[in-house]
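Here are my notes on this one, as promised.

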Amino acid sequence: MDEMFTISAQGKSAKDRLDELIYQHGYYTVSASITSIPIYYLEPNVRIYVYDKETGIDGEYVVNKITLPLAYNGTMSLTATKAAENVL
């Protein structure tokens, strides 16, 4: 689907703008903050599956913010917002 959209002179494609609007207006206000060992391949706007039996969190979330440590033994923290369910 990415090949259907071209990049504008401003550096954004129509798909990027649509994704941005969906993330702003199409998701619940449910969010989760997670602290773990660094997972370097994670990026913002990526869907992740979160399951925690103790808190009852179960579902897909979209990563909003990532904080990675500079120390070799640090922990990363990330904030994610609950992803909208596919209705198709």
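1. A term to start with: two strands count as paired if DSSP finds at least two bridges between them. Strands themselves are DSSP runs of E with at least two residues, and helices are runs of H or I with at least four, numbered from the N terminus. With that settled, S3 and S4 pair in the antiparallel sense over six bridges.

2. Some housekeeping before going further. This is a predicted model, where local features need pLDDT of at least 70 and side-chain atom pairs count only at pLDDT 80 or more, while totals for chains, interfaces and linings use all residues. Residues are numbered from 1 along each chain as its sequence is written, and side-chain values use heavy atoms, with hydrogens and water left out.

3. Now the overall layout. The four strands make an open sheet, ordered S1-S4-S3-S2, with antiparallel pairing. S1 and S2 sit at the edges with a single partner strand each, so one side of each has no neighbour in the sheet. Ignoring direction, neighbouring strands are turned by 45° against each other on average (axes are lines fitted to C-alpha atoms, for helices over the stretch in contact, and angles run from 0 to 180 degrees between N-to-C directions).

4. Which residues make up the largest nonpolar core? Ala32, Leu42, Ile48, Val50, Tyr61, Val63, Met76, Leu78 and Ala80, nine residues in total. The elements giving two or more residues to this core are S2, S3 (57-67) and S4 (76-82), and S4 gives the most, with three. By nonpolar core I mean a set of buried Ala, Val, Leu, Ile, Met, Phe, Trp, Tyr and Cys residues joined through side-chain atoms within 4.5 Å. Buried is under 20% relative accessible area, exposed is over 50%, and partly exposed is in between (1.4 Å probe, protein chains only).

5. S4 is worth a look on its own. Five of its seven residues are buried, so S4 is largely enclosed by the rest of the structure.

6. The C-alpha atoms of Tyr61 and Ala80 are 5.6 Å apart, although 19 residues separate the two along the chain. Ala32 touches Tyr61 as well, along with Ile57, Leu78, Thr79 and Ala80, residues up to four places away in sequence not counted.

7. Last, two backbone spots. S2 and S3 form a hairpin with four residues between them, and Gly56 in that turn has a positive phi of about 80°. Asn45 lies in the loop between S1 (31-36) and S2 (47-52); its phi is near 70°, a positive value in a residue other than glycine. Is Asn45 buried or partly exposed? Asn45 is partly exposed, at a relative accessible area of 46%.

Key
Contact means heavy atoms within 4.5 Å.
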